[in-house]
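Okay, thanks everyone for coming. I'd like to walk you through a few local details today, so let's get the model up on the screen.

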Amino acid sequence: MSPASDASAGSAPDQTPAAAARKRPKPGERRVQILQVLAEMLQQPGAERVTTAALAARLAVSEAALYRHFASKAQMFEALIDFIESSVFGLIGQINERESAGRTRAARIVAMVLQFGEKNPGMARVMVGDALVFEHERLQQRMNQFFDKLDAALRQCLRDGSQGNPVEPVRLTPDTDAQVRASVLTAFVAGRLQRFARSGFRRAPTEQLDACMAYML
């Protein structure tokens with residue numbers, strides 16, 4: 001065997017572990033990867049309940065590997081809900097900072113939430129609870145709280161922008177008017193996202209949105 005051959009043979013074992021190390025994701029990266037694949041599986045039209053076995057198979061890892069990053073499947077869903085909440089309410093904060101007109105803020109918040117669901121179909125299924133059927137009840141409770149917080153944010157916008165409408169058959173106080181309109185808008189958002197999910201993501205939640213917002217506001 002020539003010296004060149006010896007050098008070549010000696011270098012191979014050194015390269016293989018380095019290559020393997022580069023390909024192995026870091027703990028934080030693996031968590032993100034698990035959540036991304038879970039969201040992808042949820043956005044398949046007509047998708048059944050996602051099991052940890054199916055999720056592990058999609059990731060080409062063992063179920064035990066999943067539990068090194070998440071204590072349970074419920075914890076995986078909680079991480080998705082954390083992402084939904086931080087994304088949506090972070091954007092609501094930006095809208096409130098940039099727009100002074102109350103009703104315009106409310107309209108933009110509604111549009112933003114619907115656009116978020118449209119761009120993230122798997123998240124939309126979580127938001128309306130379709131993906132949470134048979135999962136831990138605290139997950140649905142958290143999404144109920146999400147819509148309560150959305151209602152409160154809209155109510156504040158509408159209270160700031162209350163203008164009284166002389167053609168309304170029933171005259172409401174500004175606070176009551178804001179409460180009623182916020183309730184209607186929140187129900188509209190939930191209904192549109194649910195229709196989107198149950199139509200197999202064919203019916204866009206933003207369909208005729210401007211006309212709907214003009215009618216409600």
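This is a predicted model: local features need pLDDT of at least 70, side-chain atom pairs count only at pLDDT 80 or more; totals for chains, interfaces and linings use all residues.

Let's start with H6 and H9. Helix H6 covers residues 102-119, and helix H9 runs over 174-198. Their axes come within 10 Å and cross at roughly 15°. Angles under 35 degrees count as roughly parallel, so H6 is roughly parallel to H9. The crossing of H6 past H9 is right-handed.

So who is touching whom? On the H6 side, the contact uses Arg-103, Ala-106, Val-110, Val-113, Leu-114, Gly-117 and Glu-118. From H9 we get Asp-177, Arg-181, Leu-185, Phe-188, Val-189, Arg-192, Leu-193 and Phe-196. If you sort the residues of this contact by type, you get 9 nonpolar, 1 polar and 5 charged.

Now over to H3, a helix of residues 52-59. Which residues of H3 are buried? They are Thr-52, Leu-55, Ala-56 and Leu-59. Look down the axis of H3 and those buried residues fall within an arc of 100°, so they line one face of the helix. As a reminder, an α-helix has 3.6 residues a turn, so residues three or four places apart point the same way.

On to the loops. The one between H9 and helix H10, residues 209-216, holds Phe-201. Phe-201 isn't a glycine, yet its phi is positive, about 70°. Is Phe-201 buried or exposed? Its relative accessible area is 17%, and the cut-off for buried is under 20%, so Phe-201 counts as buried.

Gln-208 sits in the loop between H9 and H10 too. Gln-208 is another non-glycine with a positive phi, here about 50°. With a relative accessible area of 60%, though, Gln-208 is exposed.

Last stop, Arg-68. You'll find Arg-68 in the loop between helix H4, residues 63-66, and helix H5, residues 73-98. Relative accessibility is 65% for Arg-68, so this arginine counts as exposed. And how many residues separate Arg-68 from Arg-30 in sequence? It's 38, and in space the two are 10.0 Å apart, C-alpha to C-alpha.

Technical notes:
Residues are numbered from 1 along each chain as its sequence is written. Side-chain values use heavy atoms; hydrogens and water are left out. Helices (H or I, at least four residues) and strands (E, at least two) are DSSP runs, numbered from the N terminus. Buried means under 20% relative accessible area, exposed over 50%, partly exposed in between (1.4 Å probe, protein chains only). The arc is that of the directions from the helix axis to the C-beta atoms. Axes are lines fitted to C-alpha atoms, for helices over the stretch in contact, and angles run from 0 to 180 degrees between N-to-C directions. Angles under 35 degrees count as roughly parallel, over 145 as roughly antiparallel, 65 to 115 as roughly perpendicular and the rest as oblique. A crossing is left-handed if the near helix is turned anticlockwise from the far one by less than a right angle, and right-handed if clockwise. Contact means heavy atoms within 4.5 Å. Ala, Val, Leu, Ile, Met, Phe, Trp, Tyr, Cys and Pro count as nonpolar, Asp, Glu, Lys and Arg as charged, and the others, Gly among them, as polar.
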